[in-house]
Amino acid sequence: MPLTVRTIESAKSGPKQRKLADEKGLYLLINPSGSKRWHPKYRIDGREKKISFGPYPEVSLKEAREKRDAARATISDGVDPSQQRQARKLRKRLSAANSFAAVAREFIAKRAADGDKAICETTRSKTEWLLSLVEPELGKIAIDQIKAPMLLSVLQEIQGSGRRETAIRLRSFCGRVFDYAIATGRAEHNPAPSLRRALYTPRVRHHPAIIDRGALGELLRAIDSYGGQVSTLGALRLSPHLFQRPGEVRAMKWENIDLANEIWTIPSAETKMRREHRVPLSRQARGLIRSMRGVTDHSRYVFPSFNPKKPLSENAVNGALRRMGYAGVMTAHGFRTTASSMLNESSRWNPDAIERALAHQDGNAVRAAYNRSAYWDERVEMMQWWSDELDAIKERNVGAA
């Protein structure tokens, strides 16, 4: 006799499990705890099998019968509903593991574990930030199901907000994730490269910089009298002497400083061009670095933030320059322009040595390979001359002849 809702509601639990039969093999299993769960009775290859349709009342009598009828149709086709359900769960797990977000995080983690090719902490945080931009729209989609128009829609939304450079970087990051998915057998096509021409070219940013010796002298004296955090002051004082990229200066580590041999080695993982860069340390630069000993040697960073486990924040030096009245006049990156302009203007140094000191990428592959080792002796001499020049500019407010 078919079950009714009244029969089900009035059924009480007992010391043992008991079954309330419906029809066509459907029954309600009542446990001693009082819970009730739907099951169909069926056989595959002569063996009795068991699956659950869910608990009552979450699954109503009507819904349980619909599930039963669907299972009977599956069985009549020679398919085991239990195996079908397991396969469905497996596909769901695989789909989640192969989602864009999952593959991207795996890719980021792999790069972080690749030894000399590892990405530094700052770069990793930036790639995770890029992932956060695309994740709301594409994160849960299987990576092999993402087509060029889907990715373009996300990039155009970011571009439309005025962040053209961010859109370019995001396209590049997504392209690397797709390449990784292809290499690991989870995708067959990378839609990112084809979108290169679909995005606007970022506007070129010119970093404010001082190239007048009189103004530079005033800045150097202002830096010496700056009363900010010790790490910020140290980075401010050292930046003109080294003229490396601000992110590399603020993330300088004690382990990469060789004061005995007068060299700062920036690992390939921590440089913009992803190649090791060595910087000769002048007498003045070594003195400024030594001055941080005893103050920040509790951290691996020469210029730590208030949290010693992290380097100085990205805006610390620029913020200090703004507070000193140099907003729109000078930036942390501007020290590179200052050094490049004045070193070239002096006519003392080979332009290639200056470019190598700035860690600029040579467009010619043969020249680039040669320049990795060339000009070292000249660069050592040039860095000392430049530090002496800065001292002269600061002391006399005029350039040394």
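Helices (H or I, at least four residues) and strands (E, at least two) are taken here as DSSP runs, numbered from the N terminus. On that basis, the chain holds 16 helices and 8 strands. The structure is a predicted model, in which local features need pLDDT of at least 70 and side-chain atom pairs count only at pLDDT 80 or more, while totals for chains, interfaces and linings use all residues. Residues are numbered from 1 along each chain as its sequence is written, and side-chain values use heavy atoms, with hydrogens and water left out.

Of the 401 residues in the chain, 44% are buried, meaning under 20% relative accessible area (1.4 Å probe, protein chains only). Contacts (heavy atoms within 4.5 Å) between residues at least 6 apart in sequence join residues at least 24 apart in 60% of cases.

A pairing worth a look is that of helix 8 (residues 213-224) with helix 13 (residues 334-346), whose axes come within 13 Å and cross at roughly 135°. Axes are lines fitted to C-alpha atoms over the stretch in contact, with angles running from 0 to 180 degrees between N-to-C directions. This angle makes helix 8 oblique to helix 13, the class left once angles under 35 degrees (roughly parallel), over 145 (roughly antiparallel) and 65 to 115 (roughly perpendicular) are set aside. Arg-213, Leu-216, Leu-219 and Ile-223 of helix 8 meet Phe-335, Thr-338, Met-342 and Glu-345 of helix 13.

Helix 16 (residues 376-396) has 21 residues, which at 1.5 Å a residue should span 30 Å, in agreement with the 30 Å between its end C-alpha atoms. The expected span is 1.5 Å times one less than the number of residues. Buried residues of helix 16 include Trp-376, Trp-385, Trp-386 and Glu-389.

Notes:
Buried means under 20% relative accessible area, exposed over 50%, partly exposed in between (1.4 Å probe, protein chains only).
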